[in-house]
Amino acid sequence: MQKPPVLTVVLGVFAALLAIVPLGYLVLRLAEGIEAASAELARPRTFELLSNTVLLVVSVSLTALVVGVIQAWFVVRTNLSYPGFYAVVATVPLAIPSYVLALGYVSIFPWFSGFWASWLVLTMATAPYVFLAVSAALLRVDIAAEEVGRSLGLSRLQVFLKITWPQVRTSATAAVLLVSLYVLSEFGAIALLRFDTFTRAIYNAYRSSFDRTAAASLALVLVALTLVIVLLERRYRGDYLMQRPANPRRLKQDLGKLQTPVTLLLALFGLLGAGLPMAALLNWTMIGSSATDLGKLFAATLSSAGIALLAAIVVSIFALAVSIWVVLHKNKLGSFIEGLLWSNHALPAIVVGLALVFFGANVTPWIYQSIWLLMIAYLILFLPNGLAAMSTPLAQVPKGLTEVSQSLGQSYRKSLTKVILPIASPGLIAAAALVMLTVLKELPATLLLRPTGVETLATRLWSATEELAYAQAAPFALVLVIIAGLPALALNASVRKTYAEVNEE
Amino acid sequence: MSLLALTGITKNFGEGNVLKGISLEVQEDELVAILGSSGAGKSTLLRLIAGFEKPDQGEIVFDGNVVAGESFLPAEKRKIGIVPQDGALFPHLNVYDNIGFGIAKDPNKDSRIQQLLKLIELEGLEKRKPQELSGGQLQRVALARALAPKPKLVLLDEPFGALDAELRDRLRNDVRRIIHAEGVSAILVTHDQEEALSLADRVAVLREGRIIQVGTPTEIYNSPADIGIATFLGESVLIDGKVTEGKVATDLGKLTALNQVVEGQSGVVAIRSENFYLQPNQTGDSEVVGRVFFGHDAVVEVQTPTLKIKARSNGPFAPEVGMKVTVWVRGAVNFYPTK
């Protein structure tokens, strides 16, 4: 096989170094002050945080599973009217950053805070992941196997438990683990709803004292928790790849009298996950429209867009380089680098932000408080997304084309730029756009690392909510959903696939 | 009394496709093939028998009980085995658990599974997952799974469709052997006439939602009920003819009709392509204009003064292109009067 182009190797290795240095630095510094760190962790407060975090992760995972499975089952496997509409309803919370969702609730019910509030908001925010995974799996279940089950004497419930569920279980488990990771690293919504978990405690410790040992040691506990779930997740990811049966038949259970109650239930989920909070924000925006500082809004939108565009370019360059390396020239070093970069996919943004603050202040003061440190944070956080999104279109280019091009006299490099990249470009551009939209919504790392004086939509929204000024926060939240959330939802490949499959008859 | 009796089954299965008054009986220990092209309603008929759908009209009696009509017995209560098109093994279970699925509470479960594994000649593969089996193995496991609870009837839905020709032949024999060893009745749905003729005790021909003819393979092949079946089942050459003096006068001479004929009637005779005999004859009035050689036989295209016919001829002795021949028709033919 052809050797990978030098540039891809250089960029890949550089990205890998960037990816490990900050966290490594955090560990080293803590190891030096191990006594202070362990004293910090031995406080009863740590156990309280741990139990709060675990409680929230477990309860949200369970309820998101229940909500997502219910939505998927009714949309895919029953004669529900307008299944396509309810598929949209089930995925729309993906377009709303969870801190915006939380803000919507708080703005209606000022008392809305603590465990139950966080539980509700995060359940609604994460149920779409379960819905997408489970409905994809349900669409691939072989109906003929279910019929065989019934011919062998099983009731409908037994068929579901013994034949359908085992085929869906793997996808559902993977989705639940994804949800757990989401909840573990969630910062904005939990902080807004004032429930003490690790992420909120890390931020408060960082803000309130000059001794950063506390924040750093809590961050490491959070990383350890994350690691546990990542290891679990690895066991379930792609356990067996289910093929769609050659002749997929849809068997839809007749809802009969249940049609109305089921419709109401699904509508209720939609109301809780998007309708109610978004209506509240819309209302606040209208009420406060005279007070809205359009100049501020415009400036924040502009700087958000600028930062996100720059980040998308940076992340895409590295993601494309590493993807070319591992997809077209797979070798051991490439696979190692890819694994290393991918291992960051679950790293909570608050931890990355904190580690880079330390690293920037102590080791690289010349980029501290500059846009470039923020870019490094985005690179660490979103390179895994970029890799996943960019390797697919590259892998889909038929293998023989480069060889044909070379046999027609083009150099390898020319074949790459004239054949492979043009063919893959729609997918690559979509991937870059997705990275940009994801960056727009990022809060914790932006909060810690933005250059002094720079305000984005997310940080403006954050400071307004800290002052309980909902009317001020609402327009920022709305703009964020409109320019980042909805386009990201429209670009999301698994969302599009689900809509298409649910609507095909 | 028959094991299964369908009477006047009507079912609209969408897009204008309808089963129109199907009546059919299946006896104990009998293998019946339902033969029809795609869209004829074969699979719908099977699903009605299995209990996955209710007929619009008509009655199904199985094993002495009405299962559809006055009352309805759902699939899980009927104890009718099914083998779907591509096997549809449970992907999360191994071979052993797939076969044992329907007999979980049977105290003799293990010995029954072993017995079936032996019958399908897959001993030693108990632990394999469906993904690790070949197409033929999948189908045999699916058959064993259906047979495990000892149903009186199994339904086979195009079970050999996805397999290549050689494997299909082998599996056909296996299925016949296994079904007879178990002493179970079976209904096989297929669009492959060779499969229906070679495997079944009786064949029912389904066309446009109706059963056109039921009979043993020999009956159906030798006396097709109409021109459609004559051309669908095997190759037939159709020639105009008129009944004169008890025989059918055609361009190939006076032929004896197998069926009752009325003097003066005009119609069409269907001649099986293997029933032509081509006699090399330098002064013959017909000429070989085409020849496709298959080894064991050959299809020879012959131009007579008035007709072009395709004859199947013993391979090694098939006449070459350009040879003059005389065309003879062996045996009696079927005559279909014009309506």
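In chain B of this predicted model, strand β1 (residues 4-12) and strand β4 (residues 57-62) pair in the antiparallel sense over 5 bridges. Strands are DSSP runs of E with at least two residues, helices are runs of H or I with at least four, and both are numbered from the N terminus. Two strands pair if DSSP finds at least two bridges between them. Local features need pLDDT of at least 70 and side-chain atom pairs count only at pLDDT 80 or more, while totals for chains, interfaces and linings use all residues. Residues are numbered from 1 along each chain as its sequence is written, and chains are lettered from A and ligands numbered from 1 in the order in which they are written.

**Sheet of chain B**

- B:Leu6 has B:Ile60 of β4(B) opposite it.
- The open sheet consists of 4 strands in the order β2-β1-β4-β5, with antiparallel pairing.
- β2 (18-26) and β5 (65-68) of chain B are the edge strands; each has a single partner strand, so one side of each lacks a neighbour in the sheet.
- From one strand to the next, the twist averages 30°.

**Helix on the sheet**

- Helix α1 (residues 42-50) of chain B packs on the sheet and touches β1, β2, β4 and β5 of chain B.
- The direction of α1(B) makes about 120° with that of β1(B) (axes are lines fitted to C-alpha atoms, for helices over the stretch in contact; angles run from 0 to 180 degrees between N-to-C directions).

**Interface of chains A and B**

- 18 residues of chain B are in contact with 16 residues of chain A (C-beta atoms, placed from the backbone, within 7 Å).
- On the side of chain A that touches chain B, α7 (143-151) and α8 (156-185) of chain A each supply at least two residues, and α7(A) gives the most, with 6 residues.

Note on methods: Two residues are in contact if their C-beta atoms, placed from the backbone, lie within 7 Å.
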